[in-house]
Amino acid sequence: MLKLIGAALILFAGTMIGFQQAARLAARPRHIRTLLHTLQRLETEIGYGYTPLPEALERAAEHTPEPLAAMLKEAAKRLDDADGPSFRESWSRAIEGHWANSAMRSPEKAALIRLGSSLGISDREDQVKHLRLAMQQLKAEEDAARDDQERYEKLCKSLGVLVAALIVILIV
Amino acid sequence: MLERVTHLLPPEMAAVLGRLPDGVKDRLEEIRVREGRPLEIGFGGESRFAGEDGSLRHTPEQAYRPSSELCRKMLERMTNHSLYAMEEELRRGYITVSGGHRIGLCGRTVLERGAVRGIRDIGGFNIRIAREVVGAADGLLPQLADRTRGTIVSTLVLAPPQQGKTTLIRDLARSISYGLYAGSGGMRREGRKVAIVDERSEIAACVRGVPTFDVGPRTDVMDACPKAEGMMMMLRSMSPDVLVVDEIGHAEDAAALREAVHAGVSVIATAHARDLQDARDRPALRELIEEGAFAAFIELRRTAEGFRSRVLRPGPGALAREPTALQPERPLC
């Protein structure tokens, strides 16, 4: 009886891990897409609205779902920190703090951090160029993420169940 | 004076300046920051290099040298992390921040079709701390009063840079707007409508269109507007009794000013010149002076005890000659 319960638990856990991995794979392109929308919004605020950066971030955050919204808000809020950080610092701190909540991976993070080192410190044209460059990189990542999703999503789900089944068989 | 601008400085720089002697901090006028080069401060008409421990020296060898990282941070703070929103200001070479402080910037300019479009690689800052001296014009107002019209006469304020011209006309505008122009004894009349054309955002120090200095209840401000155009706009739209402009000198300024004077508006203007004689050597000013556009002239001078002013009111017909009716010099504040 106890054995049966144990086996069921292992099977359940394995299945869940598989599903979770699959969900992450599915969430990644979605998160990249929202990030792209956010950057688009920032481009409008900066390029056409001349909105100051902290305000532009707040506004972009209002139209962005979590977890990205929290990241943007924190980046804006950290600018008021006592040690007077540069935008680059507060931006990367905010990204580090909230990255774990998103399904995105290191290439996206690198592109974002690179963008942070040029936001707010040059003229409008330059800002728009930097934003477009970051968007281009993210688009490439999005395509790759979609490929990954198609290829591995189902695989992950079945792999979870199968590995759990294998463990159960080995134990029994 | 220092605490008024600390919010603009990165913490490291604020700490260095915070160690300056109190007497210097109170009289601080300029902070000149140059990337990788000695920090210089100007106070009470003098300038010194500041060391990291807050000591002041004539020689630059042991002075504190701000790093490029620090300068970048400072620029970000001054521009609210949004350099791109300051394009118009960068084209003019300085930004005005809340409180009326003006920050001059130096770097490599970006050109577009031969005209300066902005500055990049900014490596030099000059923070000029604005001071509002309420009552600076009190002693002068009775001498400028036009009792028959119940207003004040057109006045030209003459002084070299950094002698308090802007401070003086700001207070003149405030007093006229409040109705304190009638003279001494606290007697008050009805305030006059004052229009300020503030091309360099120094007189009223507007932040998003709202003056941060007290320029009076009946005062309208056209911020960051070219003077000649602004004067015409104000005449057309705001029906001012008194028009206040800073630093006239171009031919088009003179034309607009003439227009205002003939429309029955009193004009208070400033110009860079040592004295009236000096002002006459400048073509645009000479024409105005000889036409009698101004009924009074104020010469400002800065001495160890403070600012001194002298009011000249040449009578009609005496305009082309040396003015004779000299008022005694009096301290301004």
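**Two interfaces in a predicted model**

The domain assignment, which comes from an automatic or database source, divides chain B into domain 1 (2-128) and domain 2 (141-331). This is a predicted model, in which local features need pLDDT of at least 70 and side-chain atom pairs count only at pLDDT 80 or more, while totals for chains, interfaces and linings use all residues. Residues are numbered from 1 along each chain as its sequence is written, chains are lettered from A and ligands numbered from 1 in the order in which they are written, and side-chain values use heavy atoms, with hydrogens and water left out.

Student: How far apart do the C-alpha centres of domain 1 and domain 2 of chain B lie?

Tutor: The two domains touch through 13 residues from domain 1 of chain B and 11 residues from domain 2 of chain B, where contact means heavy atoms within 4.5 Å. Their C-alpha centres lie at a separation of 30 Å.

Student: Which residue forms a salt bridge with B:Arg102?

Tutor: A salt bridge is a side-chain nitrogen of Lys or Arg within 4 Å of a carboxyl oxygen of Asp or Glu, and the interface of domain 1 of chain B and domain 2 of chain B has 1 salt bridge by that rule. In the salt bridge of B:Arg102, the closest N and O atoms are 3.1 Å apart, and the partner is B:Glu202.

Student: How much area do chain B and chain A bury between them?

Tutor: Buried area is the accessible area (1.4 Å probe) that two parts lose on being put together, summed over both. Carbon and sulfur atoms carry 46% of it here, and the total is about 1,800 Å².

Student: Which three residues of chain B lose the most area to chain A?

Tutor: The contact takes 16 residues from chain B and 25 residues from chain A. Within chain B, three residues together give 38% of what that side buries, and they are B:Arg72, B:His81 and B:Tyr84.

Student: How many salt bridges are counted between chain B and chain A?

Tutor: One salt bridge joins B:Glu87 to A:Arg124, with the closest N and O atoms 3.5 Å apart. The count for the two chains is 6 salt bridges.

Student: Which element gives the largest share of the side of chain B that touches chain A?

Tutor: Helices (H or I, at least four residues) and strands (E, at least two) are DSSP runs, numbered from the N terminus. On that side of chain B, α3 (68-78) and β7 (115-128) each supply at least two residues. The largest share, 5 residues, comes from α3(B).
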